[in-house]
Amino acid sequence: MRTDLAASYGEERLPRYTSYPTAPHFSRAIGADAYATWLTEIPTNAGASVYLHVPFCREMCWYCGCHTQIVRRDGLIAAYQRTLRSEIELVAEKVGRRIKVEHVHFGGGTPTIVAPEAFAELMATMRRAFFVLPSAEIAVEIDPRTLTADMVEALRLSGVNRASLGVQSFDPVVQRAINRVQSFEQTASVVDMLRRAGIKGINFDLIYGLPHQTVASCLATVRRSLALAPERFSVFGYAHVPEFKKHQRMINESVLPDGPARHDQACAIANALKEAGYVQIGLDHFAKTDDSMAVAFRERTLRRNFQGYTTDTSEVLLGFGASAIGHLPQGYVQNEVQIGAYSQSVAAGRFATARGYGLTDDDRLRADIIERIMCEFGADLGAICARHGAAPEAMLKSAPRLKSLVSDGVVRLDGDRLAVAGDARFLVRSVAAAFDAHLDAAKQLHSRAV
């Protein structure tokens with residue numbers, strides 16, 4: 001990786017492109033009525049994936065950028081679970097059939113904060129409302145500090161086969177600075193419980209750019225993580241946006257790594273994981289060579305959605321819960337962020353859709369190009385434009401940012417074929433941004449490119 005490019009492009013704030021256009025461009029012009037219509041128009045032969053958002057944690061991690069709140073009373077969690085079940089039934093009734101579901105993802109917050117029996121009831125409601133395929137991937141995000149043996153058993157009985165564990169860093173100094181003290185022994189115990197329960201797909205989430213973090217502490221975390229041999233790693237750069245996430249003000253900005261230090265940490269982690277035999281996938285994922293994500297990367301079937309890189313090829317994503325985002329062929333929808341407003345809508349028998357975005361033909365073309373760049377570090381602009389009835393020459397002319405990327409050696413253009421240079425792949429978001437017609441209006445909302 002080239003430090004000169006990191007210095008030139010690394011400070012720019014850019015989307016992670018888990019959608020296009022990105023969420024800051026959603027508006028209230030798309031609401032519950034539009035969502036209801038879109039649900040009835042889902043093609044008969046279409047499958048779907050499902051995302052369920054559980055916005056609760058026992059304590060706040062100061063680095064967190066998710067929609068979540070701290071809760072001490074289990075009654076609030078139980079009521080929310082009942083609302084989720086009602087929303088699932090509302091959507092299923094509007095779709096009008098048991099649509100087949102290939103992927104289910106529980107995100108948060110801490111999804112395993114739900115009581116074990118309540119989690120089982122939620123999955124039972126899902127299976128009654130939709131045809132969850134026997135081969136479906138059912139994934140859940142887990143905080144290893146709070147997972148119980150009873151919950152592991154509920155996950156097993158519910159068919160969960162993939163678990164993403166928040167690790168972030170094993171450095172106790174870093175952990176105290178982000179209000180997330182989590183021992184290696186806690187994490188190892190949870191990994192053992194999950195594997196004994198038959199949940200073999202284990203993911204670890206790591207973060208660089210945290211307060212007091214160094215290359216040495218990042219590598220120490222990687223070494224300890226490798227001892228537990230997870231199937232996948234997700235490695236994210238910390239996005240410090242205290243103007244939007246007020247709890248991040250608890251982090252001392254003076255001990256945050258600067259741009260070059262973040263770049264060094266990202267490189268060190270990536271190199272260590274690749275040396276250990278993991279395949280680097282796109283911007284920030286790593287997987288064992290026989291993992292389904294590594295296979296999708298090799299076969300060029302990798303996709304990208306709100307959970308990041310995925311093997312999910314569904315064109316329909318149904319989002320449930322406060323702040324959850326859905327994606328249908330017509331566009332995007334997002335539920336009310338505030339739990340009260342979300343719950344009141346569902347209790348009244350209404351969809352909780354608060355805002356969304358209706359896709360244009362140009363959006364679909366650019367989304368296709370951006371997804372291929374993010375997933376494959378390149379794009380065949382001729383082939384993509386042909387699928388959308390567009391001219392690649394016109395698309396290139398509409399991307400003036402490409403000129404500097406080409407002259408700086410970040411991008412190579414061979415006719416209509418675009419490729420990100422091998423030593424510049426860490427700037428893939430910068431390349432994708434060249435095709436983002438909506439970028440400038442929302443730059444301040446995004447994280448740094450490196």
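1. Let's start with a definition: strands here are DSSP runs of E with at least two residues, helices are DSSP runs of H or I with at least four, and both are numbered from the N terminus. Strand β20 has a covered face, made by L418 and V420, and an uncovered one with R417 and A419.

2. Before going on, a word on the model. This is a predicted model, where local features need pLDDT of at least 70 and side-chain atom pairs count only at pLDDT 80 or more, while totals for chains, interfaces and linings use all residues. Residues are numbered from 1 along each chain as its sequence is written, and side-chain values use heavy atoms, with hydrogens and water left out.

3. Now look at the sheet around β20. It is an open sheet of 3 strands in the order β18-β20-β19, with antiparallel pairing (two strands pair if DSSP finds at least two bridges between them). Strands β18 and β19 (411–414) stand at the edges with a single partner strand each, so one side of each has no neighbour in the sheet. From one strand to the next, the twist averages 15°.

4. How many bridges join β19 and β20? There are 4, in the antiparallel sense. D414 has R417 in β20 as its bridge partner, and L413 stands opposite L418 in β20. These two strands, β19 and β20, form a hairpin with 2 residues between them, and G415 in the turn has a positive phi of about 65°.

5. D380 lies in β18 (residues 378–380) and R417 in β20 (residues 417–420), so the pair ties together parts that are 37 residues apart in sequence. D380 is partly exposed, at 26% relative accessible area (buried is under 20%, exposed over 50%, partly exposed in between, using a 1.4 Å probe and protein chains only).

6. The count of salt bridges comes to 23. One of them joins R162 and D291, with closest N and O atoms 3.5 Å apart. R162 sits in strand β7 (residues 162–168) and D291 in the loop between β11 (285–287) and α10 (292–298), 129 residues apart. Are these two residues buried or exposed? R162 counts as buried at 9% relative accessibility, and D291 counts as buried at 6%.

7. Last, a helix pair. The axes of α2 (residues 32–40) and α3 (residues 74–95) come within 7 Å and cross at roughly 55°. That makes α2 oblique to α3 (under 35 degrees is roughly parallel, over 145 roughly antiparallel, 65 to 115 roughly perpendicular, and the rest oblique). Y35, A36, L39 and T40 in α2 meet V91, K94 and V95 in α3.

Methods:
Axes fitted to C-alpha atoms, helices over the stretch in contact; angles between N-to-C directions. Contact = heavy atoms within 4.5 Å. Salt bridge = Lys/Arg side-chain N within 4 Å of Asp/Glu carboxyl O.
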